[in-house]
Amino acid sequence: MEKQAIFNFQPKKSDALQALYDSNKIKRNNKSKFVLSPSSLNIFRDCPRCFWLQINCDIRRPRGAFPSIASGLDRVIKEYFDAYRAKEILPPLLNGKIEGKLIPHLPPKLYFNDYSKNASLMGMLDECLILPGDIYAPLDYKTRGSFAEDVHPAYQLQMDVYTLLLEKNNHKTNSLAYLLYFVPNTGQLHEGIPFNVKFMEVKTSVERALDIFHKALELLRGQMPKSSPNCEYCNWAKQLKENI
Ligand code: SF4
């Protein structure tokens, strides 16, 4: 941790949500084909029934107002990286942390088409590093309230999928991805909000990504799974059905 960054930000639409919407749009245009993303697979990980309802019926969990702070920060960080991509050097925030360079042209989306299963996996990398030996590695920005020692399972799945997408697009990897955490710090707020920055290496697995992708497809082509007895949303819907 240890470097400090100061950002000012403006709201912007969430890239992750947009990816989810795009994946479902593609699916609705071609009913028999599924296009999944790390976001939708994380819903599968969270609750198979919610995932089944979202992908098969376009019924989504109720959502409150979406905080735009994370997407605003993402935009500022992306602009920072893009400035150094143009100069063909690593941004100073990564100095001394890793050797390599930024990918010269960051693809807006990467796809893996699994024709045997009539399905695709899609992902939008925040950033991609090219390490010595022409090894590619995904890098993702994470803005959080505090640092965590462990990699959140949702981030692990995302990085596994990104590694798979790079490999399926003919980019060699060494099964490693990188997370760049930004956590707000105390300071002279009238000068801007200071952030502490931590760079973390994550071991990834293409096999794990394929396994969850195939399990999710199997579930989608079966009956709707049961709801969790402890879920407040499903219990609320059940009570409505019984009482109104
Ligand atoms: S149990 Fe909760 S999380 Fe699962 S389907 Fe019901 S609402 Fe969704």
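Which residue of β5 is the bridge partner of Asn113? Ser120 is that partner. The model is a predicted one. The ligand has Cys47, Arg49, Cys50, Arg61, Ser227, Ser228, Cys231, Tyr233 and Cys234 around it. The sheet is open and has three strands. α3 packs against α6, and α2 packs against α5.

**Ligand shell**

- The residues surrounding the ligand include Cys47, Cys50, Cys231 and Cys234.
- Arg49 and Arg61 also belong to these surroundings, as do Ser227, Ser228 and Tyr233.
- Two helices, α3 (48–57) and α7 (232–243), contribute at least two shell residues each.
- Sorted by class, five residues of the shell are nonpolar, two are polar and two are charged.

**Sheet and hairpin**

- The strand order is β2-β5-β4, and the pairing is mixed.
- β2 (34–36) and β4 are the edge strands. Each has a single partner strand, so one side of each has no neighbour in the sheet.
- On average, neighbouring strands are turned by 20° against each other, with direction ignored.
- β4 (residues 110–114) and β5 (residues 119–123) are antiparallel, and five bridges join them.
- Within this pair, Phe112 sits opposite Leu121 of β5. Asn113 is bridged to Ser120.
- Four residues lie between the strands of the β4 and β5 hairpin. Asn118 has a positive phi there, near 50°.
- Helix α6 lies across β2 and β5. Its direction is at about 140° to β2.

**α3 against α6**

- α3 meets helix α6 (residues 206–220) at an angle of about 70°. The two axes are 10 Å apart.
- Angles of 65 to 115 degrees count as roughly perpendicular, and α3 and α6 are therefore roughly perpendicular to each other.
- The crossing of α3 past α6 is right-handed.
- On the α3 side, the contact uses Pro48, Phe51, Trp52, Ile55 and Asn56. On the α6 side, it uses Ala216, Leu219 and Leu220.
- Seven residues of this contact are nonpolar, one is polar and none is charged.

**α2 against α5**

- Helix α2 (residues 38–46) packs on helix α5 (residues 153–168) at about 135°. Their axes are 10 Å apart.
- That angle makes α2 oblique to α5.
- α2 and α5 cross in the right-handed sense.
- α2 contributes Pro38, Leu41, Asn42 and Arg45 to the contact. α5 contributes Pro153, Ala154, Leu157, Gln158 and Val161.
- The contact of α2 with α5 has six nonpolar residues, two polar ones and one charged one.

How values were computed:
Residues are numbered from 1 along each chain as its sequence is written. This is a predicted model: local features need pLDDT of at least 70, side-chain atom pairs count only at pLDDT 80 or more; totals for chains, interfaces and linings use all residues. A residue is near a molecule or strand if its C-beta atom, placed from the backbone, lies within 6 Å of it. Ala, Val, Leu, Ile, Met, Phe, Trp, Tyr, Cys and Pro count as nonpolar, Asp, Glu, Lys and Arg as charged, and the others, Gly among them, as polar. Two strands pair if DSSP finds at least two bridges between them. Axes are lines fitted to C-alpha atoms, for helices over the stretch in contact, and angles run from 0 to 180 degrees between N-to-C directions. Angles under 35 degrees count as roughly parallel, over 145 as roughly antiparallel, 65 to 115 as roughly perpendicular and the rest as oblique. A crossing is left-handed if the near helix is turned anticlockwise from the far one by less than a right angle, and right-handed if clockwise. Two residues are in contact if their C-beta atoms, placed from the backbone, lie within 7 Å.
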